[in-house]
Amino acid sequence: MTKNKIKNLLILLCTATVAVPVSLSASCEMPRKLSINKINKDKDKKEPTETPTPTVENPTPDKGKVKQPVLEVPKTPVVSLQEFLKSSISKLALSVPEIGNTNVLDVNEDQINVTYPENLGLKVARKEIIKRDYINDTITVNLELSKDNERIMHPFEISGFGKSAVKFDDLKSTFSEKDLFFTPDYSNYSIKQLQRINFNNDWKFKYAGTSDIKNVQYDDSQMKRLNLPHDWSIHFDFSPHISNEWGALEGGSGWYRKSFDVPETWRDKDLAIHFEGVYRNAFIYLNGTLIGNYPSGYQPFTFKLNPDLINYGGKNILAVKSDNPQNSSRWYSGSGIYRDVFLEAYNKVRMVRDGGIVITTPKLKEQKDTLVDTNVKYTIQNNSNQATNVKIKQTLYDKTTNEVVYTNTSESIQLDANSTKMMDLNFQVNAPKLWDDINPNLYVLKTEILDATNDELISEENTRFGYRFFEWTTNDGFSINGRWTKLKGVSMHHDQGALGAVASYDAIYRQMKSMKDMGVNAIRSTHNPADWQLIEICEDLGLLLINEAFDTWYSKSKKPLDYNLFFEEVSTHPDAKQGDTWAKFDIQSMVKQSINSPAIFAWSIGNEIFEALEQKGVMTTQNLVKWIKEIDSTRYVTWGNDKYCFGDYRTVNEASSALDAVGFNYSEKETERYKNNYPNWRIYGSETSSALRSRGVYFRPDLYDNGSESNSVYGKQLSDYGNNRVGWGKTATDSWVFDRDHKYYAGQFIWTGWDYIGEPTPWNQRGGADNPKSSYFGIVDTAGFPKKWLLFIPISMIRC
């Protein structure tokens, strides 16, 4: 049958009216190969009929020859599957058991029953839910039907589901502005609550605002009222003028502003404002005065509030300006205050905020079945003008059972006025439950600073940690608590699909839980420090974590306006030591802030660092390793680099030898050579595969390795068979086989666990408009729906 005949039959099918059961309506669409625009253009055209073949007599070029009549043989009509379906569609019925008690968000393909008379000779090859309408409580299902070696995909709509969501009109009547933008009453807060006040509610925002927004007298009535976290870029329309490398979404600059009261009773407290992340180059103002600037878009930071600027007993204005210029990132970063904000109100005597409590178990391997030495290093500040005596009370809880495992109160400790004191307090725990990727047992150490004269509480901190130990040998790979395991990892960017870069606990948990259920036991936070919520979720689920600091160092080799602008600049943060660069301050802050996490087993100093190709890069590598070791000597320092697959570079090898573990990006072909030449390197796949997939799109199964070129019939789609890949990567299967067959190779981190906004290779770095906006690398798409390779992953993860 010709292509024109097939097209015309499909157009006829899509303009036909058919009868369907009450609970089922059929909507006709062209198969995915043809565009919707073509349907709209052709839908009113009358189907052309086939011109009958005329009976032609043989010509008689020569005299004397008798004409031979041509007999026309009647043809048996061939009925296509499309025509057959047109006449038989009313005989198909789709149903879901207990449909009235099931909502559209919970139903899956296995619950959908398809019935039809046997004499039709049809088969249902596949069912796929392609739309869930939770407003109208319907789903659309694509059925792949086959008959006589012919197949067709056809959509059906099922209605009658139970109510799955509160309608927006109901929400408006349920929640008032007061409910949405509430301000807590601090007067009843405990000392511990005052030390970390959630400050996300009731901010004002203006895109591309002016500097007078920082002033107390500014009229902010026309600014947009919102709660944090907030990513302003995700609210824009896709732009044809913005590269799809960062999602074709505008960055620019924005201003935030918040009004808050400071009680008169807080004059004796130290106040600070803490941001988990602002993208990027944030300028913070209090009552019109600049109190600090923080360049990094990912590193959490804190600024103390100068008492001379605070209006005690009255209104105060906190303002934040951030900038996100184009060419500041290689992926979608989001814009603005996209992570949590906290106001901190401490008494004058307290633990240092970051790194003030460090818990280690140096002999755990030898003692794990007996009494385990637990060392706690405290750094206490007395910011008052008077000397004082305090005691430290320690209470250790099993986080799961809340059982008290240990408690003790120290002797009196003298603190001089305006001083900082360091001390060690040790205790023992009998055969503690160990934390690992199978049994993520956690403990909480409650530390209370008490007045030594009357035991009155001054300050309180709760610190999560776990008992675990790692071993990583050059020949046998990685083990935790004496149990050998492969690092079955994925790399993850930080955005949440339609939510943008907003750091939502529920969204992050959903991502991590899907990876854990798939068989993943490790995450690499690419290519920036992870949000505190992701770290705690990894601790709770039993996911090992590499926390990564940088995507670039000092050169402009990636993006001209990325972190290279700040890497070597002297830090202006008040807590930075004189002469410290932002690179040193940021990487040490990252380590201090999550130093007690049992999930983190390695710190990464960078990803695909071009500076490794020069001698200065070797010195930078050595410095970054040294700066981390000054804070934490218990974990591995690593990087993820792709320079190994491009050649044998002296500087790359010298820099690699300064690391505890060497991460190879896309370098499996060279790994054996490097293993032979550098037998003391701990080697793993820090970034692997980069296979490309579109969920539910299948073509060229005959090609095992289909590269990254897609058949034009499918538009900008890639095969879900897992046989598409980038030019520098491997198919998922090839990466897994290499990992499986080499024990010294400690494991791998597949690129990526979920799709993310930006980098839509092989159509990357193009203008927005009709080009793709999100990546194809994920095992799960940006909406959270798994691609078919997910079916292979659990088996491969178990067998590694």
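**Helix 13 and its surroundings**

In helix 13, which spans residues 668-677, the buried residues are Glu668, Thr671, Tyr674 and Lys675. Viewed down the axis of helix 13, these buried residues fall within an arc of 105°, so they line one face of the helix. That arc is taken from the directions from the helix axis to the C-beta atoms. Buried means under 20% relative accessible area, exposed means over 50%, and partly exposed is in between, with a 1.4 Å probe and protein chains only.

Before I go on: this is a predicted model, where local features need pLDDT of at least 70, side-chain atom pairs count only at pLDDT 80 or more, and totals for chains, interfaces and linings use all residues. Residues are numbered from 1 along each chain as its sequence is written, and side-chain values use heavy atoms, leaving out hydrogens and water.

Back to the helix. What do the buried residues of helix 13 pack against? They pack against helix 12, strand 34 (662-665), strand 35 (683-689) and helix 14 (732-741); contact here means heavy atoms within 4.5 Å. Lys669 and Asn676 are exposed, on the face of helix 13 turned away from its buried side.

Next, Tyr649. This residue is in the loop between strand 33 (636-641) and helix 12 (650-656). Tyr649 has 31% relative accessibility, so it counts as partly exposed.

Now the whole protein. It has 15 helices and 38 strands, which are DSSP runs numbered from the N terminus: helices are H or I with at least four residues, strands E with at least two. Of its 800 residues, 54% count as buried.
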